Every structure is written in C-alpha cells, then in structure tokens.
Amino acid sequence: MQIRTTRFGALNVEPEDILTFRTGFVGLEDCRQWILLADASNEALGWLQCTTRSETALAVVSPRRFVPDYRFRTFRSEMASIDLINMEESQVLVTVSRHDGSLTLNLKAPIVINVRTRQGRQVVANDDHPLQYVLPAAPSLLKKSA
C-alpha cells in the first residue's frame, strides 16, 4: 500500500510494517495506524508516521540512549492491553519536542511497542519522570531535524 506524507513524500508500506495503537496517543486519539521510520540523517532519531494523517509524524528516540538508567513502572493492565507479557518483546520510545529553544524528551509518557504483535500503547509512567527532560546542548545529539 502507498501512503502520502507531508514530511517524507509517498511511501510504500507493507501491511506487516503497520503498528496499531488501539487508543491512539494523548491528543491524537483518532490516529491508530502508524509506521516507524528511521531518520536518514540521524541514527539516534526515528519517526512515527501516522498512516491516515499525512501531516502527523512524531519524532522519537530510545530513552536509554540519552538517559542510560531510564526505567519506568506502569500497571500490568497497560501492558496486557497490547498482549505484552515479557518486556523483552518490547521496544520503548519517547517523543522528542522543542521547548524554549531546547530539545526535550517526554519521559513521563513512553511509547511501548510489542514487536511480536505490532501493537503499541502510550502509557503514563507511575514514576516521577519529567514531561520535558531537557537534553544537554550537544551539537550533534539530534541535530535540527526534530
């Protein structure tokens, strides 16, 4: 299938590449089908591109790349809703955004993807993580693409 995006142009997508988020994301509840794309110019950065809204893409990273000891707790029911029994079968991502001229990571609401079933969910961590963890000002961490 082909999808059109405003950021990446036309993309050919295989059905097995689609990630399903049954409840969408906070503020994007109607966006339930996504694909995960690598950033061509930055290996640290990825993009979750909505397949039904061409203009909607979220910059994402692995939180452990920037916060090596990052861990979060959430209710078991949150993981059960995506058929996740073993965290070894998951990929955890966090969104990247700009705030007051800095790049920030949302460590409070990580995105958990069950790589086996291709289902995902944004969860709210029970831990005391920040919504806007400011990345240190290193010139090449994420460049300007986020």
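**Cysteines, cores and loops**

Visitor: Is Cys31 buried or exposed?

Guide: Cys31 counts as buried, at 0% relative accessibility. Buried means under 20% relative accessible area, exposed means over 50%, and partly exposed lies in between, with a 1.4 Å probe and protein chains only. This is a predicted model, in which local features need pLDDT of at least 70 and side-chain atom pairs count only at pLDDT 80 or more, whereas totals for chains, interfaces and linings use all residues. Residues are numbered from 1 along each chain as its sequence is written, and side-chain values use heavy atoms, with hydrogens and water left out.

Visitor: Which cysteine sulfur is closest to that of Cys31?

Guide: The closest one belongs to Cys50, at 3.6 Å, which is too far for a bond. Cys50 is buried as well, with a relative accessible area of 1%.

Visitor: How many disulfides does a search of the whole structure find?

Guide: The search finds 0 disulfides, a disulfide being a pair of cysteine sulfur atoms within 2.5 Å.

Visitor: Let us change topic. How many residues has the largest nonpolar core?

Guide: The largest nonpolar core has 28 residues, and Leu105 and Val112 have the most contacts inside it. Strands E4 (33-39), E5 (42-50), E6 (57-61), E7 (90-99) and E8 (102-105) each give two or more residues to this core. A nonpolar core is a set of buried Ala, Val, Leu, Ile, Met, Phe, Trp, Tyr and Cys residues joined through side-chain atoms within 4.5 Å. Helices (H or I, at least four residues) and strands (E, at least two) are DSSP runs, numbered from the N terminus.

Visitor: And what does the second core include?

Guide: The second core is separate and has 13 residues, including Cys31, Trp34, Cys50 and Ile113.

Visitor: Back to Val112: with which residues is Val112 in contact?

Guide: Leaving aside neighbours within four places in sequence, the contacts of Val112 include Phe72, Met79, Ile82, Leu84 and Val123. Contact means heavy atoms within 4.5 Å.

Visitor: Asn114 next. Where does Asn114 lie?

Guide: Asn114 lies in strand E9, which spans 111-114. At 0% relative accessibility, Asn114 counts as buried. A polar atom of the Asn114 side chain lies 3.0 Å from the backbone oxygen of Ile82, and one lies 3.2 Å from the backbone nitrogen of Thr117. These are polar contacts, that is, pairs of N or O atoms within 3.5 Å; within protein, one must be able to donate a hydrogen and the other to accept it, and residues adjacent in sequence count only if both atoms are side-chain atoms.

Visitor: What else does Asn114 touch?

Guide: Not counting residues up to four places away in sequence, Asn114 touches Ile82, Asp83, Leu84, Glu89 and Gln119.

Visitor: Which loop holds Asn106?

Guide: Asn106 lies in the loop between E8 and E9. Asn106 is buried, with a relative accessible area of 13%. The Asn106 side chain reaches the backbone nitrogen of Lys108 at 3.1 Å, and a polar atom of that side chain lies 3.0 Å from the backbone nitrogen of Ala109.

Visitor: What is phi of Asp83 near?

Guide: Phi of Asp83 is near 60 degrees, a positive value in a residue other than glycine. Most residues other than glycine have a negative phi. Asp83 is in the loop between H1 and E7, and it is partly exposed at 37% relative accessible area.

Visitor: And where is Asp100 found?

Guide: Asp100 is found in the loop between E7 and E8. Phi of Asp100 is near 50 degrees, again a positive value, and Asp100 counts as exposed at 72% relative accessibility.

Visitor: Finally, the chain as a whole. What does its secondary structure come to?

Guide: The protein chain has 1 helix and 11 strands, in the sequence order β-β-β-β-β-β-α-β-β-β-β-β.

Visitor: What radius of gyration does the protein chain have?

Guide: The protein chain has 15 Å, which agrees with the value near 15 Å for a compact globule of 146 residues. The radius is taken over C-alpha atoms, and the globule rule is 2.2 Å times the number of residues to the power 0.38. Buried residues make up 45% of the 146 residues.
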